Every structure is written in C-alpha cells, then in structure tokens.
Amino acid sequence: MTDFIPPYPKRHKKTLGPIDMLKHIRRDVLSIWPEDAFNKQFMSFKIINRSIFIANHPDVVRYILSTNHDNYQRKNPLMRKALQPLMGDALLISDGAAWEKHLELLVPMFSLQKIEQYCEVMIETTEEHLQQWALLSEGDTIAVFPEMIQLTAKIMCRILFGRQVTAEQAAQVVDRFADYRASMEQMDINSFFGLPSWVPGSKTSKNKSTQAAKAVHDLFDTLIAEAEESGESTSLVAQFVQLRNNGTLTGEQMRNELAMLFMAGHESTASTLSWALYLVSQCPEVENDLHAEVDAILGDRSATFGDVGDLIYTRAILDETMRLYPSFPMLLREAIEDDVIRKREVPAGSIMIIVPWLLHRHQQYWDYPDHFIPERFLEEDPELVPDPFAYIPFSAGPRACLGKYFGIAQTTLCLAIIGQFFRLRTTENQVVETECRLTLRPKGDLPMLISLR
Ligand code: HEM
C-alpha cells in the first residue's frame, strides 16, 4: 500500500456564503467545498430563489439516479444551454421521449462485439502514436495531457469516421472543439444554478459558440462524406448512415450524435490516462507492479481485446485514478416534479447535484480517502467493497455512461501499452494541480520526462 496523497484543492474550514460560492465557482468548481462536506450525507442551500440539494449518501444517489430516475433525468440548464449549439438534442443533453429514442438507437453500437472491433483501432493507433515517442532521447520532456488528447482524439475519430482519418485531421477536430469549449467557458455562470439574468454574472457569448459550433459541423460534414466514400463498414458513421438512409434520423441528427460522442469520449479518457500516468510516476511500487503485469501478459507482443480482462492490476490503477480524479466530478440534474427526500421538500425546478468528487473521498465510505491505493479495487471480501453508489465515475442508473466499457477498454489498453515500453517521471519540485473545466484534468500540460524501459 502506498502512502502517497496526491494533490487536491484547499478545503475551507467553514461553508462559503452564496456570493463567495459564486466567486469560487467561476474560478474552480472544486474549490468551493468545506472540510465537513466530505462527511455529510445530504445538504441543501438556496441561491436567490433556487433550491440546491447535494446528494452525498449512496442511498440518496441510488434514489436520484436509479429508483426515481424519471424525476431527475433532466440535465441542468447550463449544460443544455452550453451544448445545444454543438449537438442539438443529442443523447447526452436530451430527456424524455427524445432521450429514450436516441438511447435505443445507440445502445447496439456499444455492444461487446462492437467494442472488440473498436479495440483493434485503439491498439493500432496507440502503437502508431508511440512510435513518435520512441524517437525521443532519454530524459526528453513530453506534454502528457496534450499528448493524451491527441491520442484519444485520433482513436475516437478513427472509430467514428474510419481508419483513413489522418493525425492532422484529428488535430483539426481537437482545435475546433477547443474553440467551442473556450466559447462555452465564457457562458453565463448564472445558468449553472438556473439563476435569473439580473443576478451579477459573467458575460454570455452565444454568437461565439454558434460560430465555433458551425466550424465543428463543417469539419464533421467533410469527415462524414469521406467516411461514406471510403466504404469502411465498422465505423460508427457506417452504422449511423443506415439509420439516416432508412429515415430514422436526419443527416443533422446523425452529425449531432457524432459530435456528442466525440465530446463525451475523448477528453474523459485523455484526462483519466494523464492522471494515471502521473499517479504511477509518483509510486515506484505501483509502477513495478504495473510493469510486472504487462510483462507477464503482453511481453513484447501487441495487446488484443482479450487482454483487457486479464490486465487486472492495470485496471485497478485506473479505477483508483477515477476515484481520486473523476472526469466528471459534479453531475447536475433538475427536479421535474415536487419531491420529498429525507424529510426535506424538493420543489420542482430544484437543482440536484451529485458530486463524485465528494462521494469518492467521503470519510464515511472510504479508508484513507485521499490516498492513492490501487489495491483497494482488488478487494474480494464483499464486506470491504464500497457501495456501488459511492463510486460512480461513469454515473449510474439508466443515464449512466453509454461508453463505459469502451472507456474502460481504451484506458486499460493505452496504459498497458505505454507501460510496456516507457517510464515517465515528473521533474524535481514539479507542482501538479487540478483544473476543472468540462472535465477534471491536470492544470497546464503536465510535462514529464520520458525514458525507454
Ligand atoms: C474514462 C472515460 C469516461 C468516463 C469517466 C465517462 C463518464 C461519464 C459520466 C459520468 C456520464 C454521465 C454524465 C452526466 O450525467 O452528466 C457519461 C455519460 C455519457 N458518456 Fe461517458 N465517460 C467516459 C467515456 C465515454 C466514451 C469513450 C464514450 C463514447 C464513445 C462516452 C459516451 C457517453 C454518453 C453517450 C453519455 C450520455 C449517456 C446518457 O445521457 O444517456 N463516454 N459519461
């Protein structure tokens, strides 16, 4: 067991008042929490007239995400407003009948059999990407987070559009999504809590996000056309084209779903991999066990889909990484009808927040909650395994991540293939901090020194 406590934002002694809270949210959404939030089970407060609840006990989380999913299936207003120009009514932000229809169409695209096909692309693309690392000299520095973004973007693009997508095209997709994200970040933070527009807040930039969305749409239209021409049958476009041709989806809806899948799938996997590489680099005993596992299972050969289930310790490192740094550290929902939870009235329109950041480091549900201990995920004694609703990096219930097994396979294979050949180190006195934008990622580029094993 390691005694390494990786970095996290300062915790306040007392709960912040509403004005301070809004100020902190604008800077970093993870910096609002007081120490006792990691010990409470259900919290509520009001900003202006909006009731806000924090579900911080596995039973309450189960109730929101699963038992009474119907009442809490709607995403919060900010997320809908921020993502609509890019993805219309795609699965991630729709609710009710539209969400059900899209889910039914997309589920078969994420079957185990399909994931096996996608894994071939993940492996080929990772090996291709790492050939550039092999050209570097011992002790050269690589920018880990941008590297992981480029890698996962290439993988996502090739799974969406086919193997003909080049590294340059994937980089272009990354740039256009980065512009879109920048326009989103300037959007009115008041919408985060559904507050009225007279409350002092930051400026909105609807025009900018409409322009940035158009740039993504134009590029996606080109990639879709090239994918159709290539005739590759395993890409997601090939599966969507059938739905478009039989009239189930319009061309615009098909493009919206593809944009949504790119957005949902590439930054989350890139952030998780970057954090995992950092955490492993800080703990020689974890690094040794990772290397021992990949050497025993992969040796010098290429990984395959079949290895995912055998890379048990690699997976435990990733599980623990997602506990400490969940890509989506806050999940926001809106109550559709009045409800009562733990004797507290929850009026329709309230914002219900589930905070994996708190749940995953909660003092009542975890031993050594801030330590990095991959072995806790190897535990077989059911008494010692945490409640599944206390650990929700992929959310849970009917609206859980559609790409969960895709994401697990991709991060497991990428981490194992990197571990097969390379060792990464931080520099002396390097400060690593968190930054929470769309996903929770390392602040800056996360530069690390590279060497061949
Ligand atoms: C480590 C990787 C990933 C993590 C940690 C992750 C996590 C999550 C979480 C927490 C949600 C719920 C968001 C919310 O309720 O607001 C979600 C939803 C979703 N994710 Fe992932 N995800 C990952 C990878 C992927 C990948 C690779 C794809 C697709 C290729 C994907 C597709 C989706 C979709 C479509 C939804 C929306 C589901 C719905 O609303 O019904 N995710 N993901």
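A residue is called buried if 20 or more other C-beta atoms lie within 10 Å of its own, exposed if 12 or fewer do, and partly exposed in between, with C-beta atoms placed from the backbone. Helices (H or I, at least four residues) and strands (E, at least two) are DSSP runs, numbered from the N terminus. The model is predicted: local features need pLDDT of at least 70, side-chain atom pairs count only at pLDDT 80 or more, and totals for chains, interfaces and linings use all residues. Residue numbers start from 1 along each chain as its sequence is written.

Helix α2 covers residues 58-67. Its buried residues are Pro 58, Val 61, Tyr 63, Ile 64 and Leu 65. The cover over these residues includes β2 (50-55), α3 (69-72), β5, β6 (339-341), β8 and α14 (356-359). Contact here means that the C-beta atoms of two residues, placed from the backbone, lie within 7 Å.

Two strands pair if DSSP finds at least two bridges between them. Strand β3 (residues 74-75) runs antiparallel to β5, and two bridges join them. Lys 75 has Arg 333 of β5 as its bridge partner. On β5, pairing with strand β8 (residues 351-354) is also antiparallel, over four bridges. Here Arg 333 has Met 352 of β8 as its bridge partner.

In a regular strand the side chains alternate between the two faces of the sheet. Strand β5 (residues 331-334) has Leu 331 and Arg 333 pointing one way, and Leu 332 and Glu 334 pointing the other way. All four are buried.

A second open sheet has three strands. Their order is β4-β12-β9, and the pairing is antiparallel. β4 (141-143) and β9 (422-425) stand at the edges with a single partner strand each, so one side of each has no neighbour in the sheet. Neighbouring strands are turned by 45 degrees against each other on average, direction ignored. Axes are lines fitted to C-alpha atoms, for helices over the stretch in contact, and angles run from 0 to 180 degrees between N-to-C directions. β4 and strand β12 (residues 447-452) are joined by three bridges and run antiparallel. In one of these strands, β12, Pro 447 is the bridge partner of Ala 143. Helix α7 (residues 144-161) packs on this sheet and touches β4, β9 and β12. The direction of α7 makes about 55 degrees with that of β4.

Helix α13 (residues 312-324) has 13 residues. From first C-alpha to last, α13 reaches 19 Å, close to the 18 Å expected at 1.5 Å a residue. The expected span is 1.5 Å times one less than the number of residues. Of the 13 residues of α13, 11 are buried, so the helix is largely enclosed by the rest of the structure. Among them are Tyr 313, Arg 315, Glu 320 and Arg 323. α11 (251-282), α12 (284-297) and α15 (404-421) are included in what covers the buried residues.

The ligand has 24 residues around it, and Gly 265, Ser 268, Cys 401, Gly 403 and Gly 407 come nearest. A residue is near a molecule if its C-beta atom, placed from the backbone, lies within 6 Å of it. α11 and α15 are the elements that give two or more residues to this shell. The largest share, six residues, comes from α11. The shell divides into 13 nonpolar, nine polar and two charged residues. Ala, Val, Leu, Ile, Met, Phe, Trp, Tyr, Cys and Pro count as nonpolar, Asp, Glu, Lys and Arg as charged, and the others, Gly among them, as polar.

Helix α11 also holds Met 254. Met 254 counts as buried, with 20 C-beta neighbours inside 10 Å. Not counting residues up to four places away in sequence, Met 254 touches Phe 240, Leu 243, Arg 244 and Leu 249. Met 254 and Val 237 are 17 residues apart in sequence and 8.3 Å apart in space, C-alpha to C-alpha.

Most residues other than glycine have a negative phi. Tyr 368, not a glycine, has a positive phi of about 45 degrees. Tyr 368 is found in the loop between α14 and α15. With 13 other C-beta atoms within 10 Å, Tyr 368 is partly exposed. Asn 429 also has a positive phi, near 60 degrees. Asn 429 lies in the loop between β9 and β10 (434-436). Asn 429 counts as exposed, with 5 C-beta neighbours inside 10 Å.
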